[in-house]
Number of protein chains: 4
Amino acid sequence: MIVVMDLQAPEREIQAVEDVLQEYGYSCHLIRGEKRLVIGAVGSAGSEIPPALETMPGVEKVMRVLQPYKLVSREMKPDDSVVTAGSLRLGGGTVAVIAGPCAVESQDQLRATAHAVKAQQAAALRGGAFKPRTSPYAFQGLMAEGLAYLHEISAETGLPVVTEVINPADVEMVAATADIVQIGARNMQNYPLLKEVGQLRKPVLLKRGLSATVEEWLMAAEYIMAAGNYQVILCERGIRTFETATRNTLDVSAIALAKQLTHLPVIADPSHAGGHWRLVKPLALASLAAGADGLLVEVHPDPARALCDGKQSLTPEHFVELMAAVKAILPALGKTLCTGSGQ
Amino acid sequence: MIVVMDLQAPEREIQAVEDVLQEYGYSCHLIRGEKRLVIGAVGSAGSEIPPALETMPGVEKVMRVLQPYKLVSREMKPDDSVVTAGSLRLGGGTVAVIAGPCAVESQDQLRATAHAVKAQQAAALRGGAFKPRTSPYAFQGLMAEGLAYLHEISAETGLPVVTEVINPADVEMVAATADIVQIGARNMQNYPLLKEVGQLRKPVLLKRGLSATVEEWLMAAEYIMAAGNYQVILCERGIRTFETATRNTLDVSAIALAKQLTHLPVIADPSHAGGHWRLVKPLALASLAAGADGLLVEVHPDPARALCDGKQSLTPEHFVELMAAVKAILPALGKTLCTGSGQ
Amino acid sequence: MIVVMDLQAPEREIQAVEDVLQEYGYSCHLIRGEKRLVIGAVGSAGSEIPPALETMPGVEKVMRVLQPYKLVSREMKPDDSVVTAGSLRLGGGTVAVIAGPCAVESQDQLRATAHAVKAQQAAALRGGAFKPRTSPYAFQGLMAEGLAYLHEISAETGLPVVTEVINPADVEMVAATADIVQIGARNMQNYPLLKEVGQLRKPVLLKRGLSATVEEWLMAAEYIMAAGNYQVILCERGIRTFETATRNTLDVSAIALAKQLTHLPVIADPSHAGGHWRLVKPLALASLAAGADGLLVEVHPDPARALCDGKQSLTPEHFVELMAAVKAILPALGKTLCTGSGQ
Amino acid sequence: MIVVMDLQAPEREIQAVEDVLQEYGYSCHLIRGEKRLVIGAVGSAGSEIPPALETMPGVEKVMRVLQPYKLVSREMKPDDSVVTAGSLRLGGGTVAVIAGPCAVESQDQLRATAHAVKAQQAAALRGGAFKPRTSPYAFQGLMAEGLAYLHEISAETGLPVVTEVINPADVEMVAATADIVQIGARNMQNYPLLKEVGQLRKPVLLKRGLSATVEEWLMAAEYIMAAGNYQVILCERGIRTFETATRNTLDVSAIALAKQLTHLPVIADPSHAGGHWRLVKPLALASLAAGADGLLVEVHPDPARALCDGKQSLTPEHFVELMAAVKAILPALGKTLCTGSGQ
């Protein structure tokens, strides 16, 4: 840690800062420049950061030298982590495509979609039973009934299930059906929920928050890992910017950067990122080219009658096109497709 | 609702759109321009919005005519709502200042702060017992112990308590102590939590999310009101922008705009907005000048040793200065200060 | 154009709005809903938008039906435009890579870089002679001397030159050397400069502004085309967002969207977008996968001693790797590489 | 400057970094922590920053200790600078209101507005003769004719003139009429223009760019001062964020912060910030409460027929209200109003 102080700071202010640093286990190195005094504070493994150093008289700013995350860091574990769930395998050179409707609406809708995406070698089935919606008057999901359909269609198709949980109290119930439990963008910093899924011993798909920095996203993954669950998949789904022509702004740099900073697999959700089905294919390919280990894609048999996010859903026909393009690009990227349930 | 279609759209595509609109209870008015075909869709009170109109062939865009919120709207209730809690009164021309530490750290720290802010006519005491922190390794709050201190010091000083809840399962416990239950910025779209506090019959202080639009903020309030709890206080606390010189960007326009759009009281949190104690006074005054009905301010007896947000906390001495400035500006704004517990 | 009015608006207010609309050549269609009155205004080809309709009593909002750009629109010209400059060809399925140093620093530096990038089949040489720098104390470019080196090395290598102009007064001088004149991100809305390069009859490479929407970017291109110069290349180079881990946020959705909205070729600058050489390759591939027609890449023989943007410059060795990856991915995207001066 | 290196970096990499630092006049202090090696580099007055230190092997990041601006800094000049132009005085406790139309449209329009704002003690007249417009088809200003009207009406009313220049070639012509030359938000980083107005010896009003950080804004002012013109007024006019309910987001924190970092006067433009006349009064008061030394306000006799920005223009009647509110709040802020031409 570096503490920058006013060169005019009297000796007792410097001493007070050094005292606090020593209280927290740091040793101090003073460097006097022409305009500022810099204290280089060297900590040991256990030393915490003194919370409010910047409020002390004479202190101008405090700069951190180390990253705040540990378990998610590639420094900690240089090799790629691979996440598996049933027949799905993701990371370490294997790309998996997870597809399905935004929301489970009925048994028929889910079954039709599941068979359609399985035929194209999707590796898992997505579908929300609990839907976080901006309006209290919008469809909130089929809940337990939705989970039952997911369970049934998963058994029928052999596709592992990815579904979202939004309430810590529901984690156990959702995890009974889900092969991969999803934390949505709005809940990336819902810490009681993160701690709860940290108790699970099955994979968690953690979406990046709308306005979360890459560092905050990794810290959210650190919450889950710190609770003992090491199977985390990161998912970039677009961030909120000034641009209104697309629903969000897909941040492919975050994919590339996360792949450098962490050993965890990183996937992309091109459906929410662009917000329009015409953008799904280019954004999916861009994500893979940036280094993504997988895709999470919305597919619906009749988007115009979808109860949620129809605008960004692919039809089964569009999904055929997407998968063809994915299969064409992977060899050039040195990756292979997880063909899921073996088709 | 306005549906813009391609002028070249064949008759059957137009018909299909009209069919869906009629299914949802709209009557249609066609206007043919030189380059586009516009359908004006007139609904009745109960008509929902067809979710995925924009995916239909021939449709270019869909534009909403009405606001999506109802109960929070000033159209619904033209007069200012006033929220009261014990001796606190806020809204309708009365300004209240809520002050206290970021986190409850000990009985002594809370007591010292409470007496200091009460002496300056703060109307309520704030203090977090459950702290949502970016790092799993940071102090997470005293929890039940913190609530007990709040209860005790509130009884001692007569100051109503504002404290945050972060888990739907804790709402009942927190509400047993809190006079006003706070929903933090990270939880603005935590819908299970909003529904749960909607069951309460005591005021909820709803912070705006870091990257929530004014409309989304009002929709979050709509969740609480739709569940039957009409006592909502909106709190602007700064949004996330590209600017890094301040912790967040205080959006005073949102305060002014919210006062036009809704009857609910709107307050500001200048501590989190600026992220530095030197900015608290100017941001507090700016918020009031923009129309805010109150302030939420962090005060700590020894900011350099605060376990949380020390950098942005006022000392009791700085709080004296702040209150003097607030008292000086209110008459010019035609507002009066709620002197809380009667001092 | 759609004008939304208060249902309570008295007849004379409605009449006043209709009068203004008719003054501007619109015919009006009134639709009365349950809560609002909507006026559908149909214009003819020449009709301007009445500038301040939204200020009129009774008017709540005004919504535009048509895009504001014309010449750049794909509606106007459905086929891809192809831009050529010497041996460079870009657009319509052909991808070109433009490479070179951020700034021309010396004849030797430029010559070494030019030969290195030519050997890898870069299609053109980039290099700035006039540098817009945040600090007045930073290196501002070699100016006329830099142009002379570009001229000389271009003759020597056969590589066409891309170089930036920042002052309308210098357009003629810069265009004497440049085969493609570049408008930088900071000047995207420098209208005197856009009008001046609109007078040229050689290609203009127009970078997207740091905080420009896709629509504003296309409107800036419209300025150049409206002045008579139809050879415009759009260049996405990252936008400014809250994320600080990368210099900017590469907006691949904007590439995909621009390809849908306009016939002009669109390229990407992965060097400025990521701000770090390690991100250049993934961002370059992501841009191509999203549909980009080319790349603008910074290469420097000794980045650590570069006078400008060394951190994001590739060494010649890294450039070899980049080009190998580009050549590998293009066939899967159905594109071919412009091999420039024939190598 | 602080250079953070990998603890594993071999001696020759450390030596190479030290060599570059010494080349640039720094002395080096090494601090070895448990995970990183930190080099504290102490420079002397003249030492430049080595441009590409971060590209060197073993280097992880480089952190700046000092601010990059000098002449604008309050460290350089602790007292407030006061800018005067004719009867206008701004800064150091005196607040001035500059008002007038967005664009000069006709002699009559300008005269009517000028007399109206003068009657309310505006200290200067604003009005654009050269208008930077998003669309090439929109009204671009009356240019020389507009300047002539400004000259005439200024002589008639005694009000000093504030008007914008957008082309370096026009600076001399504009400065012949303007008492204060304005640089618009889109030109904040138009360096040829900044250098040109730096040659003037009359005040420059420098608007903050839409997506400029406070530091970049101050660096733009540094350009003007480095060229010898010390009379700079900073103007906050709202930044671009994700919020679309207002035209821009007025950043009052930037006003408060700029007042701490620089001695230059800081004013606000509430008209462009909010984009709607109903927001002008609350945003104006908020700006003053945050510490602004003045206001720049758009007033138009007939906003519905304004050729530019009518939606955000006050009528003369609304301006009366605004000035009454300004006069009411200033004493509470310890400021006095510049009554301009003596009325």
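1. Chain A splits into domain 1 (2-63) and domain 2 (83-337). The bounds come from an automatic or database domain assignment. The C-alpha centres of domain 1 of chain A and domain 2 of chain A are 44 Å apart.

2. A word on the basis. This is a predicted model: local features need pLDDT of at least 70, side-chain atom pairs count only at pLDDT 80 or more, and totals for chains, interfaces and linings use all residues. Residues are numbered from 1 along each chain as its sequence is written, while chains are lettered from A and ligands numbered from 1 in the order in which they are written.

3. Now the sheet in chain A. Four strands make an open sheet, ordered β2-β3-β1-β4 (chain A), with antiparallel pairing. Strands (E, at least two residues) and helices (H or I, at least four) are DSSP runs, numbered from the N terminus. Two strands pair if DSSP finds at least two bridges between them.

4. One strand pair in detail. β1 (residues 2-6) of chain A pairs with β4(A) in the antiparallel sense, over four bridges. A:V4 has A:K61 of β4(A) as its bridge partner. In general, strands of a sheet pair through backbone hydrogen bonds, either parallel or antiparallel.

5. Strands β2 (residues 27-32) and β3 (residues 36-42) of chain D run antiparallel and are joined by six bridges. Three residues lie between β2(D) and β3(D) in this hairpin. D:R32 stands opposite D:L37 in β3(D).

6. Check one helix position in chain C. C:A16 lies in helix α1 (residues 11-23) of chain C. C:A16 counts as partly exposed because it has 17 C-beta neighbours inside 10 Å. The cut-offs: a residue is buried if 20 or more other C-beta atoms lie within 10 Å of its own, exposed if 12 or fewer, and partly exposed in between, with C-beta atoms placed from the backbone. C:A16 and C:G91 are 75 residues apart along the chain, and their C-alpha atoms are separated by 49 Å.

7. Which elements of chain D face chain B? The contact takes 34 residues from chain D and 34 residues from chain B. Contact means C-beta atoms, placed from the backbone, within 7 Å. The elements giving two or more residues to this side of chain D are α6 (214-226), α7 (252-261), α8 (270-274), α9 (277-290) and α10 (316-333) of chain D. α9(D) gives the most, with nine residues. By class, this side of chain D has 20 nonpolar, 10 polar and four charged residues. Nonpolar covers Ala, Val, Leu, Ile, Met, Phe, Trp, Tyr, Cys and Pro; charged covers Asp, Glu, Lys and Arg; the others, Gly among them, are polar.

8. How is chain D laid on chain B? A turn of 180° and a shift of 0.0 Å along the axis does it, with an RMSD of 0.0 Å. The two copies are thus related as by a two-fold rotation axis. Copies are superposed by least squares on the C-alpha atoms of residues with pLDDT of at least 70 in both. D:A286 comes closest to the rotation axis of the residues of chain D, at 2.0 Å (C-alpha). The same surface serves both copies, with 100% of the contact residues of chain D recurring in chain B.

Key: Contact = placed C-beta atoms within 7 Å.
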